[in-house]
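Walk through this model with the structure open beside the text.

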Amino acid sequence: MSQNDQVFDITIIGGGPVGMFAAFYAGMRQLSVKIIENLPQLGGQLSALYPEKYIYDIAGFPKIRAQELINNLNEQMRQFNPTICLEQSVEQVEKRPDGIFKLTTNADIHYSKTILITAGNGAFQPKKLQLDGIENYEGRNIHYFINDLNKFAGKRVVVFGGGDSAVDWALMLEPIAEHVTLVHRRDTFRAHEQSVENLKKSTVEVMTPFVPTEFIGKHQIEQVVLQQAKGTERETLDVDAVIVNYGFATSLGSIKNWGLAIDNHSIVVNSKLETNIEGIYAAGDICTYDGKVNLIATGFGEAPIAISSAKVYIDPTADMQALHSTTIMKEKNTKA
Amino acid sequence: MKYTIVNKETCIACGACNDIAPDIFNHDRKGHSHVILDDNQGTAAVPEDFYDDLEDAWDECPSGSIKVADKPFDGDAEKFD
C-alpha cells in the first residue's frame, strides 16, 4: 500500500456528473481537489449505463447525449487539474484528532481536510460471471473493462454479453485481435441497429444462443466451454482472453458504516449540504433533505453550495458567496 | 409460471428495464420502475413470450431490484429474499 501524504482541501467520493462539476467548482474556489472513483472511468451512471441516451433537463442544453455531457464536464473540470484516482473504492473514513480525514481505499490512503460524497446510488461494479472456479482467473485473462485495446493484439478473444458495450467492444477488437467471438444467450442483441448491422458485416463470430458453462486452464483460461441455452449442443473454444460485459451492479457499500446519518439509503444533509459529521458534505442523488428532487440539474445546484460550505469550513474568513465566474477566470488566466 | 415485481425501495430509476422489456415494465410517477401487468403486485403470470426480455431486464438491473419467482409475490418484493 503506497502512502500519499499530501493533504487535499477536498476529496470528492464519486466521479459522476455532480462530482465532476463539484471538482470544477472547487477549483473556482481555489481548493485543491481529488476525486476518488471506483470504476476505471469517470461519468457515473451516465457513462456506465446509458452513454448514448439523450438527456433533456440540463439547463442550457435542449438535449445532450449523456456521454457528451460527461466529456464537457471533464473539459470544464480539467481547467483546474484535479487529481483523479480511478479504480479505488473508499472503504474507511476516519477523522484524526487534528481534524484531517484519513480515507482508506482498496489501494491507497488519502488525506483531506474535507470530504464531499457524490456517490449517486452507490458504487458501480461490473457484474461478474457466475461460474465455479472463476475467481482463479481474476486478474489474469478475464476482463470486465477494456482500458487498452492493444493488450488484445493478435489474441483470440471471446466477449460475453448482448448489450451495446459488448457489441461495440467486439467491433473495436475486430481489427486488432486475431479472432473475436461474441457469445450471447439469446439470438437478438440489445444494441443499436447500426451496431448490429456492423456486426453482421464484420468478421466477428457470433455464437447465439449460448452460455458459458466451464472455463478450462491451469493458470489462465485456455478454453471456454459453451452450452446452447435451452438446448444440448456444446462447443469448446480455444481462447487467449475473455471479456465479460454483463452490465453493472450498484451498492452503497461501506458508506453506511462511516457514522453518517442515513435515511432510506440516502445521506441526510442540511441546507448547506453538511452531513452530521463536521467536514463531510454530500450532494446529488446520494443526499436527502426536505424537498429533495433527484435530478442531475439539482445535483449541479447542490455542488457549489457544498463546495462553498467546505471552503468556509477550511477558511472561516472566506465568504460563502463566490465572485462571478468571469472575474475568477480572468484572475486565474492573468496569473497563468 | 413466472412472476415479477420491482423493489421500489432499491430501484435507482435508471430506466434500463423499461428499455429492455417495455411490455413488462414502465416507470411510475416518481420515475421508479413498475410492473405494468399487475400494478407492481407480482401477482400476474408473465406471458411466456416475454421470458427472454424479463431475463434480460433482470440481468441488466444494476440495483438488483427486479425480483422474479415462480410463485406470486402478493405485493411484497422481498417475499422470497
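In this predicted model, helix 4 of chain A (residues 164–173) and helix 5 of chain A (residues 193–201) have axes that come within 10 Å. The two axes cross at roughly 35°. The crossing of helix 4 and helix 5 of chain A is left-handed. Two packed helices are described by the angle between their axes and the distance between the axes.

Which residues make the contact between helix 4 and helix 5 of chain A? Helix 4 of chain A brings A:Asp164, A:Val167, A:Asp168, A:Ala170 and A:Leu171. Helix 5 of chain A answers with A:Ser195, A:Val196, A:Asn198 and A:Leu199. Sorted by class, this contact of helix 4 with helix 5 of chain A has 5 nonpolar, 2 polar and 2 charged residues.

Now stay with helix 4 of chain A and look at its surroundings. Of its 10 residues, 7 are buried, so helix 4 of chain A is largely enclosed by the rest of the structure. The buried residues of this helix are A:Ser165, A:Ala166, A:Val167, A:Asp168, A:Trp169, A:Ala170 and A:Leu173. What do the buried residues of helix 4 of chain A pack against? Helix 5 of chain A is one of the partners. The others are strand 11 (156–160), strand 12 (179–183) and strand 17 of chain A.

A:Ile142 has A:Val242 in strand 17 of chain A as its bridge partner.

The loop between strand 13 and strand 14 (210–216) of chain A holds A:Pro209. The peptide bond from A:Thr208 to A:Pro209 is cis, with omega near -15°. Most residues other than glycine have a negative phi, and most peptide bonds are trans.

In chain A, 3 strands form an open sheet in the order 19-20-22, and the pairing is mixed. Strand 19 (262–263) and strand 22 (287–288) of chain A stand at the edges with a single partner strand each, so one side of each is left without a neighbour in the sheet. Strand 19 of chain A runs antiparallel to strand 20 of chain A, and 2 bridges join them. Here A:Ile262 stands opposite A:Ile267 in strand 20 of chain A.

Beyond strand 20 comes a backbone feature to check. A:Leu273 lies in the loop between strand 20 (266–268) and strand 21 (280–282) of chain A. Its phi is near 65°, a positive value in a residue other than glycine. Is A:Leu273 buried or exposed? A:Leu273 counts as buried, because 26 C-beta neighbours lie inside 10 Å.

B:Ala13 sits in the loop between strand 1 (3–6) and helix 1 (16–20) of chain B. With 19 other C-beta atoms within 10 Å, B:Ala13 is partly exposed; the cut-off for a buried residue is 20 or more.

Where do the two chains meet? Here 11 residues of chain A are in contact with 11 residues of chain B. Strand 18 of chain A (residues 248–251) gives the largest share of the chain A side, 3 residues. By class, the chain A side that touches chain B divides into 5 nonpolar, 4 polar and 2 charged residues.

Step back to the whole. Chain A has 7 helices and 22 strands. Its C-alpha atoms fill a box of roughly 70 × 45 × 40 Å along the principal axes. Of the 336 residues in chain A, 39% are buried. Among contacts in chain A with a separation of 6 or more, 61% join residues 24 or more positions apart.

The model scores ipTM 0.78 and pTM 0.86. Chain B averages a pLDDT of 93, and 100% of its residues score at least 70.

Conventions: Residues are numbered from 1 along each chain as its sequence is written. Chains are lettered from A and ligands numbered from 1 in the order in which they are written. This is a predicted model: local features need pLDDT of at least 70, side-chain atom pairs count only at pLDDT 80 or more; totals for chains, interfaces and linings use all residues. Two residues are in contact if their C-beta atoms, placed from the backbone, lie within 7 Å. Helices (H or I, at least four residues) and strands (E, at least two) are DSSP runs, numbered from the N terminus. Ala, Val, Leu, Ile, Met, Phe, Trp, Tyr, Cys and Pro count as nonpolar, Asp, Glu, Lys and Arg as charged, and the others, Gly among them, as polar. Two strands pair if DSSP finds at least two bridges between them. Axes are lines fitted to C-alpha atoms, for helices over the stretch in contact, and angles run from 0 to 180 degrees between N-to-C directions. A crossing is left-handed if the near helix is turned anticlockwise from the far one by less than a right angle, and right-handed if clockwise. pLDDT is the predictor's confidence in each residue, from 0 to 100. A residue is buried if 20 or more other C-beta atoms lie within 10 Å of its own, exposed if 12 or fewer, and partly exposed in between; C-beta atoms are placed from the backbone.
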